Amino acid sequence: IVIYVLAPLALVTSYYEVASPRFLRNYYDIESIFPLFVIIIFFISMFFGSIFFDKVDFKFKLEASHNLIRKTAIFLFTIGFGSLLFFIYNYGGLDYVLSNMSQIRSGTDDNKNYLAAFVSSFSKYMNLSFFIMLSFWVINKKISNFDYFLFFIFALLTLFSIYLSAGREAGIAFLISILVIYLAVYKKIPALTVAIFSIFSFMYILFGKTFLFALNNENFDKDDFIDNNFLSTISNSYNIIVSEFSHQYLSLVNFMQYDYSFRF
């Protein structure tokens, strides 16, 4: 809804406040009927699909031993952690990656390494290993000391890999996945937890990029930022958030109107 309803509406009504000039060249293309038609088809399909599956009674049950679950989590973690180490090594070490996270993520770093970038995509298996152990804990309530140790290691290194990704999407997806696991087990989500996660995500979208990259910038003045930019960012939060989620629709418009390079 944010990406394909609120963002298009904001682009039509206040284009210059929310659109990124890197993604579009002509304002009038926003009012084109063709991308809007594609979105309408998408929502109609999703609506009828949900009605259809609500009437289909099916169950999916996976039987697996505790030992197999543990081995699967360790196996996935090994692949993910190995991929992360390969990425760090081929980009010149941890210091270089920490100092150039933003450039590496955007593809503008001078030390481009396509193989390392491809292999690093498998580091998300670390997330899966964490979610498996979290699910295992939530379902069984009691787990062994060794499983607690695995859970702690998986959580620590998963959060570190999310930090190295230098993006906010990975962190927010991580929080949403935890809620999905809880919902799958208990068929409900605590309202307080949703409120806390929502507030954190809101602040993370607004300030995550600033503080993520500032951690490795010795010239960043935290007090000056809070005094001069914090309130203005909060007051303009709607446009900022919509702007952050507008590139998907802008990409759709560009795809249907022009022959741009893949990035656009």
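Which residues in helix 8 meet which residues in helix 9? Keep in mind that this is a predicted model, then select helix 8, residues 125-140. On that helix, pick out Met126, Asn127, Ser129, Phe130, Met133, Leu134, Phe136 and Trp137. Their partners in helix 9 are Asp147, Tyr148, Leu150, Phe151, Phe154, Ala155, Leu157, Thr158, Ser161 and Ile162. Color this contact by class and you get 13 nonpolar residues, four polar and one charged.

Now draw the axes. Those of helix 8 and helix 9 come within 9 Å and cross at roughly 145°, and the crossing is left-handed.

For the contact itself, select Thr158, Leu159 and Ile162 on helix 9, plus Ala170, Gly171 and Phe174 on helix 10. Sorted by class, that's four nonpolar and two polar residues, with no charged ones.

Last stop: switch to a surface view and select Ile1, Val2, Val5, Leu6, Leu9 and Tyr238. Together they form a nonpolar patch on the surface, with about 540 Å² of accessible area. Which helix gives the largest share of the patch? That's helix 1, residues 2-13, with four residues; Leu9 lies in this helix.

How values were computed: Residues numbered from 1 in each chain as written. Predicted model: local features only at pLDDT ≥ 70, side-chain atom pairs only at ≥ 80, totals over all residues. Heavy atoms only, no water. Contact = heavy atoms within 4.5 Å. Helix = DSSP H or I, 4+ residues; strand = E, 2+ residues; numbered from the N terminus. Nonpolar A, V, L, I, M, F, W, Y, C, P; charged D, E, K, R; others polar. Patch = residues over 30% accessible without salt bridge, like charges linked within 9 Å, V, L, I, M, F, W, Y side chains within 5 Å. Areas by Shrake-Rupley, 256 points an atom, 1.4 Å probe, with all protein chains shown as cover. Salt bridge = Lys/Arg side-chain N within 4 Å of Asp/Glu carboxyl O. Axes fitted to C-alpha atoms, helices over the stretch in contact; angles between N-to-C directions. Left-handed = near helix turned anticlockwise from the far one by under 90°.
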